[in-house]
Amino acid sequence: MNRLVFLLVFIFFLTGCMNNYGIDDLAMISGVGFDVSKHEDHHLDITAMYQVPTETDVFEYLHASSNSLENADIEMMSQTKRQVVNGQLRISLFGEELAKDGIFPIILSFLRDPSVGPLVSLAVAKGTAKEILITKLEKEPNTGSYIETMLERLDEEYVYPSVNILQFTRSYYDDGIDPILPMILTTKRNILLDGFALFKDDRMVASLTNEKAIYLFLLSEDFKKGVIDLEIEIGGKKEDVHLSYVRTKHKIKVKKENNDFTVNFDIHITGNLEGYSGKQTLTKDSVQKELETKINNVLNSEMKDLLSFLQKMNVDPVGVGEAVRNSLSYNEWKSLNWEEVYPKINFTTEVNMKIRNMSKFQ
Amino acid sequence: MMKEKLHPFQIAVLIYMIQSGITIFSLPRIAAGAFGTNGWIGVAIISIIPMINILLIALVFHYGKGRSIFEIFEDLVPKVLLRPFFLCLAFLWCMLGILVGKNFGLLFKMLYLPELSPTVYLIFTLIFVYFLVSKGLYQIGKTTIIFFFMTIWSVSIMALYIAEFKLDRLTPFIFKGEKELLTQSFEILNAFLGYEIIILIFPYILKSRASIKAMFYGNLFTTFVIYVPICFIAFGVLSFDQLKNETFPVLTLFEYIEFPFIERIESLIFSLFSLKALITVVMFYWAGDQVFRYSIPQIKPKVSIVILIIISFGISYIPQFLLDVGNWLKWIGRIEAVIAMLLPIILLLIIGITTIKRKRNGSKNGEVL
């Protein structure tokens, strides 16, 4: 009896041999790009890239025009002899024009597809996504994986965050913060991070340059690694300051007086002064104090500029809404018309920068 | 013959393993739907219901002096009435068992193996059920311990979310926003269901304080080591409306983990969870088998489980898709929740009535003597 059951069990194991996929037969998409279609009856132009599994560093591209990601499947399948699978997707790029129209329908397709995980990086392409994906870099032919690694490295080593599906969706659904995405630019020979796109819901409404974006992250995050480059004025002369290994801590305080909100940012920064183009001797206490005050002033005014820019565009990537929400009762928050309140908020910033140590050569 | 008894640790683990099934993958969403913001606190509140229920069962165990529920019932109710009642229970439990198995199979198909036939998965499960149930509860207890240690480590992965966790996201609002308290909290209760089967294990445990305590510890473990922390993390990592839209927020959290040496670890964890679902299925079949054999005493032990498996397997073909199975599970789960509550109450009443009767008889006899 037992032997018979044993045999039966093993016959069932054979069902595992029914469908087999050789890795050579798969077109594993590593990067995908979406642009506004030039076709009249379609909305999206989709470009997908995959590595030819039988060869090293040979990549093929699939192109399709359709109204959604799902509908593009058949068109893509008919362009390759391999089976198209999304399980290895690393990055998804959105053309700038499309990003301005709204990208959530595409994100929703990703969220619904069980083979696409929440870790896929997202980015906005300056120009079109197709341009970037088909850029052939000499140093790294796998463009999709290159962009993803670049963004992740920047996230780990600097202050620029990479944004994945889960993070974008989270900010999209949160009523107290608006999403951002990194922007990517191709210069035929290289692919670069070129600022950050600011979203209202799922539509891109503004962008920040790399330099300005640092102030955004100083306002919204605590970080342990990073560099800040500043230009300060000492004795009428402009000097460059380079701070490394920057550590920051920030606190947001909300005050409410008769429907007027005052939001105060208290930011503590420490960093190594590695580069300084001025002539003063850095070891002097007075010089250090002066530098710190100058840096504080520059940071304060830059952050104020940024905040009023964000208010003007009515986007809140900092998460001021979260802080305001958490300072109110549920009914107060729900009865608040945040869209109208946000541009009128009075922001104050208190930056407290301390130079941890000077460069190792005077 | 001296029967081997279950160790208190085994009892606690058994309760945890029957309780926690696949509902855990959607639990944070259900909690958000039922209680609104900070719904994870609601999970702890709901856990009071199984706690009271286990207290009642413990009272039955105590006042019934460790006798099986059949013996207690027989004190007052004639066997002719008991048999059809237990026959119904047998089918209810077996249906619950097979539907839990089928549900898991269909989820497997949806998420990871789109070409898997759920029938194949179900047949594997049922072969396993046959082997374990025919070996008896003590062997099931031992298997449970092994499966427990095979799966419990996955909870520690939750600690990796510290980087993504933000207290601000929890919001200071307690139980605000749209909510469907009544319907959804029934589903939360479903996540705890399964513990009621321990009412049948009285003959297999030592009559001691430790055994009773173990029942509570099992439920406490499920609540405060598994359910509440996982929900808490989910509420702090995902934004509230995102959470409400994620069908399986906990799977999404698992998907979010990336190790340098392994990717998509959630498929591994999901497969491991099949072991937990397996224990739930086995225990429901075991319970069904126990009451089935009571209602038809002529039947041979190993034949009874085969009959139950075949019948329930046949019926399990009626609900074909995930939605149907979910609906069936919802309704059978509700019936089960009522039975879980009523059964110990009825038993306590019977014990009360029979003790009063005995005392009266005793005093009458006393008068005569």
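Modeller: Strand E9 (residues 191–200) of chain A and strand E10 (residues 203–208) of chain A run antiparallel and are joined by five bridges. Strands pair when DSSP finds at least two bridges between them; strands (E, at least two residues) and helices (H or I, at least four) are DSSP runs numbered from the N terminus. The model is predicted: local features need pLDDT of at least 70 and side-chain atom pairs count only at pLDDT 80 or more, whereas totals for chains, interfaces and linings use all residues. Residues are numbered from 1 along each chain as its sequence is written, and chains are lettered from A and ligands numbered from 1 in the order in which they are written.

Within this pairing, A:Phe196 stands opposite A:Leu208 of E10(A). Two residues lie between the strands of the hairpin, where A:Asp201 takes a positive phi near 55°.

In chain A, 16 residues of domain 1 are in contact with 18 residues of domain 2, contact being C-beta atoms, placed from the backbone, within 7 Å. On the side of domain 1 of chain A that touches domain 2 of chain A, E9 and E10 of chain A each supply at least two residues. E9(A) provides the largest share of that side, four residues. By class, that side of domain 1 of chain A has ten nonpolar, two polar and four charged residues; Ala, Val, Leu, Ile, Met, Phe, Trp, Tyr, Cys and Pro count as nonpolar, Asp, Glu, Lys and Arg as charged, and the others, Gly among them, as polar.

The largest nonpolar core has 194 residues, of which A:Ala123 and B:Val282 touch the most other members. Such a core is a set of buried Ala, Val, Leu, Ile, Met, Phe, Trp, Tyr and Cys residues joined through C-beta atoms within 7 Å, buried meaning that 20 or more other C-beta atoms lie within 10 Å of a residue's own. Helix H14 (residues 265–295) of chain B gives the most to this core, 16 residues. Domain 1 (22–208) and domain 2 (211–357) of chain A both contribute residues to this core, so it lies between them.

Key
Buried ≥ 20, exposed ≤ 12 C-beta atoms within 10 Å, placed from the backbone. Domains from an automatic or database assignment. Contact = placed C-beta atoms within 7 Å.
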